[in-house]
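Have a look at the model first.

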Amino acid sequence: MSSPSADTVARRIVDVSAECGISLVASLPDGWITSLISQYAGDARFRHVAVNREESAIGLCSGAFFSGIGTFALMGASGFLTCIYAITKINYTYQIPLLIGITLRGRPGDRAKFHRSNGLYLEPVIAAIDMPFIPIERSEDIAELATAYRHSRVMSRPVVVGFTRAVLRGEA
Amino acid sequence: MRFEDCFRLLAGRLKDDIIVTSAGNCSELWWEITGETERVFYLEASMSLASLFAAGIAIGAPERTVVAFSGDGAFCMNPGMLLVERQLALPNLKHFVISNGVYGSTNDLGHPFAELMDYAAVAKAAGVERVYEFSTLEGLGQGLDDMIKVPGHAFAVLHVDPLGRHLPSPPLDGPEVKFRFGRYLERTGGAPIFDAPLRPK
């Protein structure tokens, strides 16, 4: 279920994605991004691929770099943490750009106790592998998605953008 | 069939296709036989992602045939890849699984699922329509064109013996693989990949 505000935010994220050159989105759901995934899936500007393992999104999007396609790998925080090997072995070894979008699970305001591990370790792990990280904490930050996409190509490495719960619900 | 004979046949027949090789023996043996540095992406340490990496290439290059090689160890790690491949249904994606029953990149240590798995049956159960299985050089030679040249996503199991010897990895650093491969695709009609195109004088 999504609120009108969440749908508006999702629409904005989708529009920014299209405008910066993204046309392939590979995703695995998180409860916070179901509206966003639905909008990508229903938008003719994108080819949306529902993968069944977050690492598969990394593999698919990394390959698509070589066909000149702009890509976005979208997933939850926990799924992102399962991708560290794929990211460091593929994207770091070969210097393949990739924009990854994640939920900032475990931050204050997340009421799910089972995400406390993300609250403790998600951002430290991102920092530990020196991955550029751009948090999207307010609606006006959504435009930073395009900056992150461009930065990934400039740096020839992955960049991760993290969406807060408040932003995705249209409350920030 | 012998792994080396199998790859020699494939290298001799797959002359115009884009190749993605997975970690270990696939990359090492393809390198030893061909020494190719442009149309091949040696995806070392791929850990089951070679076919989806290849799928990403195939999505944006419908005029090229993209051939992926996975090991059976990789397949067992991520059989869900077949569901994504089926969903994509890319007519130019051809996926081989090398079934030799060992982890070739780690001294041919036997893997515990070799006797249990029927990779072709798994592919069929996942809904992949064109599934092949080759146990002999003769059979591979006869069936290869149907798999590769007839449009449509296809999956094949290559039953080979363990290589039985250690081979060196391709002597290319990651960025060199990236640029050789990417520039080759650009030069041979692919979409622009890099922000700065090469314009040789």
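Buried area is the accessible area (1.4 Å probe) that two parts lose on being put together, summed over both. Between chain A and chain B that comes to about 2,600 Å², with carbon and sulfur atoms giving 62%. This is a predicted model, so local features need pLDDT of at least 70 and side-chain atom pairs count only at pLDDT 80 or more, while totals for chains, interfaces and linings use all residues. Residues are numbered from 1 along each chain as its sequence is written, and side-chain values use heavy atoms, leaving out hydrogens and water.

**The interface**
- On the chain A side, A:R47, A:F66 and A:Y94 lose the most area to chain B, together 28% of what that side buries.
- Contact (heavy atoms within 4.5 Å) takes in 30 residues of chain A and 36 residues of chain B.
- There are two salt bridges between the chains, a salt bridge being a Lys or Arg side-chain nitrogen within 4 Å of an Asp or Glu carboxyl oxygen.
- A:R153 makes a salt bridge with B:D195, with the closest N and O atoms 3.0 Å apart.

**Aromatic rings**
- Rings of Phe, Tyr and Trp (its six-membered ring) pair if their centres lie within 6.5 Å; planes under 30 degrees apart are stacked, over 60 edge-to-face, and the rest tilted.
- That rule gives 20 aromatic pairs over all chains.
- B:F3 and B:F7 are edge-to-face because their ring centres sit 5.1 Å apart with planes at 85°.
- Ring pairs also link A:F65, A:F66, A:Y94, B:F41, B:F53, B:F179, B:F181 and B:F194 into a cluster.

Terms used. Chains are lettered from A and ligands numbered from 1 in the order in which they are written.
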